[in-house]
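Please work through each task with the structure at hand before consulting the solution.

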Amino acid sequence: MGKLLEGKVALVTGAGRGIGREHALMMASHGASVVVNDLGGDEFGGGGDATPAQEVVDEIVAGGGAAVVNGGSVASFREAETMVQQAIDTYGDIHIVVNNAGILRDRMMFSLTEEDWDIVLDVHLKGTFAVSHHAASYWRNKAKAGEETYGRIINTSSPSGIYGNIGQTNYGAAKAGIAAFSVIAAQELVRYGVTVNCLAPTAWSRLTAPLFGGDAASEEFKEAVSPRWIAVIAAWLASPEASGVTGRVFDIRGETLGIAEGWHLGPTATQPDDPSALGPIVTELMSKARLNANMDGKDHEGPGFPSQSI
């Protein structure tokens, strides 16, 4: 099979390890020149080390590809602009942005600190906006100048964000925001020839390993949810073949690829103007409405899920 991304330039954030590393390697293998961004911090957002990003660059170059390191923080609006500009200055253009950088500060909501909240929202939600903003501005200016544009933004949500997961109000809120951001940005940028899609991956990485049992997880399981599977759909969405796909959230779990269909209006009723008369009406609505999905994106089975009661 041919290379999907020959001649394209990609910026992948958080590309030193895990899913981001697989994105960078996959896109490079399909012909893209890659800016490998990674601050090199730990999974909680601390520290910094260029080594992981450099190792990915070295692997791409050793395989005959083109790649450079960027060590900026996506949470910095200025550094986000710099990484987009680095792609343009180094390779003459930018065509693909993969917003993947992320950290975790998991705690029950009543135990979260202000810092836990702020840093997770900054890296995930602000970081997605910051990089996307600068790339989108570049593509819009090209389009307004009458130049041909090719833009692909691929964001990273999570099952925690679109389905919900206990202990992750900060992370889930950021990831839900990214899903909504993707849907709206797709509507705003379609006129400029730019697509915006979103991934909600389940994959083995240093962030998710504790959730999957850590050292107790089998090699067979790790392979079944290898981050490489996430890179397959990302590379395709970055390609010319995906020009008609935008505003979608893809749920990826190993070999299984699906589309999360988002919020839809369920049953409706006419409200009385007196709240004391509302109880029976809401009870009837609740009896007709589907429960919120579980973490697999499926219907809950059996009684007792909190959304059943009022």
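Predicted model: local features only at pLDDT ≥ 70, side-chain atom pairs only at ≥ 80, totals over all residues.

**Exercise 1. Overall architecture**

Task: State how many helices and strands the protein has, and what share of the residues is buried.

Solution. 
- Step 1. The secondary structure comprises 9 helices and 8 strands.
- Step 2. Of the 310 residues in the protein, 45% are buried.
- Step 3. Taking the contacts between residues at least 6 apart in sequence, 68% join residues at least 24 apart.

**Exercise 2. The nonpolar cores**

Task: Identify the residues of the largest nonpolar core that touch the most other members, and the element that gives the most to this core.

Solution. 
- Step 1. As background, nonpolar side chains in soluble globular proteins tend to be buried together.
- Step 2. The largest nonpolar core has 33 residues, and Leu11, Ile94, Val131, Trp139, Leu189 and Val196 touch the most other members.
- Step 3. Two or more residues of this core come from each of strand E1 (9-12), helix H3 (77-91), H4, H6 and strand E6 (194-202).
- Step 4. H4 gives the most to this core, namely 10 residues.
- Step 5. Leaving aside residues up to four places away in sequence, Val131 touches Leu11, Thr13, Val74, Ala80, Met83, Val84, Val97 and Asn99.
- Step 6. Another core, of 30 residues, lies apart from the largest one; its members include Ala15, Ala28, Val56 and Val98.

**Exercise 3. The aromatic pair**

Task: Classify the geometry of the Phe77 and Phe129 rings and locate each residue in the secondary structure.

Solution. 
- Step 1. The ring centres of Phe77 and Phe129 are 5.9 Å apart and their planes meet at 20°.
- Step 2. Planes under 30 degrees apart count as stacked, so the pair of Phe77 and Phe129 is stacked.
- Step 3. Because Phe77 belongs to helix H3 and Phe129 to helix H4, the pair ties together parts that are 52 residues apart in sequence.
- Step 4. Partly exposed covers the range between the buried limit of 20% and the exposed limit of 50%. Phe77, with a relative accessible area of 34%, is therefore partly exposed, and Phe129, at 37%, also counts as partly exposed.

**Exercise 4. The largest pocket**

Task: Determine which residues lie nearest the centre of the largest pocket and which element supplies the largest share of its lining.

Solution. 
- Step 1. The largest pocket holds about 1400 Å³ of space.
- Step 2. Among its 37 lining residues, Glu261, Gly262, Trp263, His264 and Ala293 lie nearest the centre.
- Step 3. At least two lining residues come from each of helix H5 (159-162), H6, strand E7 (249-253), strand E8 (256-260) and helix H9 (279-288). E8 supplies the largest share, 5 residues.
- Step 4. The lining of the largest pocket divides into 18 nonpolar, 11 polar and 8 charged residues.

How values were computed
Residues numbered from 1 in each chain as written. Heavy atoms only, no water. Core = buried A, V, L, I, M, F, W, Y, C linked by side-chain atoms within 4.5 Å. Buried < 20%, exposed > 50% of the residue type's maximum accessible area, 1.4 Å probe, protein only. Helix = DSSP H or I, 4+ residues; strand = E, 2+ residues; numbered from the N terminus. Contact = heavy atoms within 4.5 Å. Phe/Tyr/Trp six-rings, centres within 6.5 Å; stacked < 30°, edge-to-face > 60°. 1 Å grid on protein atoms, 1.4 Å probe; cavity = no way out; pocket = protein on both sides within 12 Å on 5 of 7 lines; lining within 4 Å. Points joined across faces, edges and corners; volume = space filled by probe spheres on them. Nonpolar A, V, L, I, M, F, W, Y, C, P; charged D, E, K, R; others polar.
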